[in-house]
Amino acid sequence: MRVTVDQEKCVGSGQCVLSAEKVFDQRDEDGIVVLLDPEPPADQHDDVRQAAIVCPAMAIDLVE
Ligand code: SF4
C-alpha cells in the first residue's frame with residue numbers, strides 16, 4: 001500500500017489521526033495532516049483505509 005496526502009485539501013479535522021495514529025499526524029500550528037509512513041505495514045492497512053473513508057476533505061489517496 002502506498003499512501004499520499006494532499007495538504008492543500010486538508011481541513012485539519014484530525015479524523016485520520018483518530019483512525020490511524022501510526023500513519024498520520026497533524027502539524028502543531030494549524031492541524032494540517034502530516035504523513036508519518038507512506039508505506040505502512042499490513043497490520044495498518046485497515047486503519048488507513050478507514051482514515052481515507054472518514055476524511056471529510058478526501059485528502060488521503062491510497063494505491064493498493
Ligand atoms: S482527516 Fe482529512 S481533513 Fe482531517 S486532518 Fe486528516 S487529512 Fe486532513
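1. A residue is called partly exposed when its relative accessible area falls between the buried class, under 20%, and the exposed class, over 50%. Arg2, at 42% relative accessibility, therefore counts as partly exposed in this predicted model.

2. The side chain of Arg2 meets that of Glu39 in a salt bridge, with 2.5 Å from N to O. Because Arg2 belongs to strand S1 (residues 2–5) and Glu39 to the loop between strand S3 (33–35) and helix H2 (45–54), the pair ties together parts that are 37 residues apart in sequence. Glu39 itself is exposed, at 51% relative accessibility.

3. A salt bridge also links Arg49 and Asp46, whose side chains meet at 2.8 Å, N to O. These two residues are 3 apart in helix H2, so about one helical turn separates them. Asp46 is exposed at 57% relative accessibility, whereas Arg49, at 31%, is partly exposed.

4. Glu29 forms a salt bridge with Arg27, and here the closest N and O atoms are 3.9 Å apart. Glu29 is exposed, with a relative accessible area of 64%, while Arg27 is partly exposed at 29%. In total, the structure holds 5 salt bridges.

5. Turning to the ligand, one finds that it sits in the largest cavity. The residues around the ligand are Cys10, Val11, Gly12, Ser13, Gly14, Gln15, Cys16, Val33, Cys55, Pro56 and Ala57. Sorted by class, this shell has 7 nonpolar and 4 polar residues, and no charged residues.

Note on methods:
Residues are numbered from 1 along each chain as its sequence is written. This is a predicted model: local features need pLDDT of at least 70, side-chain atom pairs count only at pLDDT 80 or more; totals for chains, interfaces and linings use all residues. Side-chain values use heavy atoms; hydrogens and water are left out. A residue is near a molecule or strand if one of its heavy atoms lies within 4 Å of it. On a 1 Å grid over the protein atoms alone, a cavity is a set of points where a 1.4 Å probe fits but cannot get out, and a pocket is an open set with protein on both sides within 12 Å along at least five of seven lines; lining residues have an atom within 4 Å of a point. A molecule sits in a cavity or pocket if more than half of its atoms lie within 2 Å of its grid points. Ala, Val, Leu, Ile, Met, Phe, Trp, Tyr, Cys and Pro count as nonpolar, Asp, Glu, Lys and Arg as charged, and the others, Gly among them, as polar. A salt bridge is a side-chain nitrogen of Lys or Arg within 4 Å of a carboxyl oxygen of Asp or Glu. Helices (H or I, at least four residues) and strands (E, at least two) are DSSP runs, numbered from the N terminus. Buried means under 20% relative accessible area, exposed over 50%, partly exposed in between (1.4 Å probe, protein chains only).
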